[in-house]
Amino acid sequence: MQYCTQGIVPPSGQRPNCLKTMPNYVVLHGKPETQHNYLLLPSCRITGIECPFLVTTTAADYWHEAWENARRGGDVPVQFPNIGLGVNSQTARHLNQLHIHMAGVRAGTQRRLQGLEAAGRIAPQPSQWGDVQFQAPVTGADGTGDRTYRILRLSTLTQNLFDLLNLYVVRRFGLDMAGQTLIVVPKMTATGFANAFYVLNSDSSLHDGTNTCDHLLVYS
């Protein structure tokens, strides 16, 4: 991030490929480097999901920016039939600088979420996000089994998802923000984006919960 914004060469000497540089963020390749594995990093110092700055009104709209880049027609489009955005918990991440994964999502995940929505199993508003009836298992990558997620539907990503998570899940249930994972899956139909987003959260306090977004996102 510092190389892209200030020209500071990393200690390794390996210069990253700055795919997009903006005042509030940069976009880099993820690892492995594919056309459906990118990272959006804030240009200011934010360690991760647990950083108190993220729930303030001065935090940039990182989720919206990630979607605008990753969507079809965006500046760094994720070339995959279904797209997912995700942030890992403090213990599950490898970098201590906030980064939103912009990656693929399995078709089965998209079908599962639409089926849950049709069955009334997805919270229609943030205040209901943590309600038991809106917690459901979603199958991960082959061999990883089901994980339980709290699932919310939003029409836009212009709200601060970190603040919503903190207010309606973390504080409500006395949880630790550092232990949370957060995943966004845009709703897609045969005609394209359906103007809705599924927002998934999980942590180890849930039965069969998880603190990583890696079970659902496709990187390689």
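Residues are numbered from 1 along each chain as its sequence is written, and side-chain values use heavy atoms, with hydrogens and water left out. Because the model is predicted, local features need pLDDT of at least 70 and side-chain atom pairs count only at pLDDT 80 or more, while totals for chains, interfaces and linings use all residues.

With a salt bridge taken as a side-chain nitrogen of Lys or Arg within 4 Å of a carboxyl oxygen of Asp or Glu, the count comes to seven salt bridges. One of these joins the side chains of Lys 20 and Asp 75, with 2.7 Å from N to O. The two residues are 55 apart and belong to distant parts of the chain, Lys 20 being in strand β1 (residues 20-21) and Asp 75 in the loop between α2 (62-70) and β4 (83-87); helices (H or I, at least four residues) and strands (E, at least two) are DSSP runs, numbered from the N terminus. Relative accessible area (1.4 Å probe, protein chains only) is called buried under 20%, exposed over 50% and partly exposed in between. Lys 20, at 16%, is buried, whereas Asp 75, at 56%, is exposed.

Glu 117, Arg 153 and Lys 187 are linked in a network of salt bridges. Within it, the closest N and O atoms of Arg 153 and Glu 117 are 2.6 Å apart, and this pair links strand β7 (residues 146-154), which holds Arg 153, with helix α3 (residues 107-118), which holds Glu 117, across 36 residues. Lys 187 also meets Glu 117 in a salt bridge, at 3.0 Å from N to O; because Lys 187 lies in strand β8 (residues 181-189) and Glu 117 in helix α3, this pair ties together parts that are 70 residues apart in sequence. Arg 153 is partly exposed at 30%, Glu 117 is partly exposed at 22%, and Lys 187 is buried at 16%.

The structure also holds four aromatic pairs, a pair being rings of Phe, Tyr and Trp (its six-membered ring) with centres within 6.5 Å, and planes under 30 degrees apart counting as stacked, over 60 as edge-to-face and the rest as tilted. The ring centres of Trp 67 and Phe 193 are 4.8 Å apart and their planes lie at 50 degrees, so the pair is tilted; it links helix α2, with Trp 67, to strand β9 (residues 192-202), with Phe 193, 126 residues apart. Trp 67 is buried at 8%, while Phe 193 is partly exposed at 28%. For Trp 67 and Phe 197, centres 5.4 Å apart and planes at 85 degrees make the pair edge-to-face. Both Trp 67 and Phe 197 are buried, and together with Phe 193 they form one aromatic cluster.
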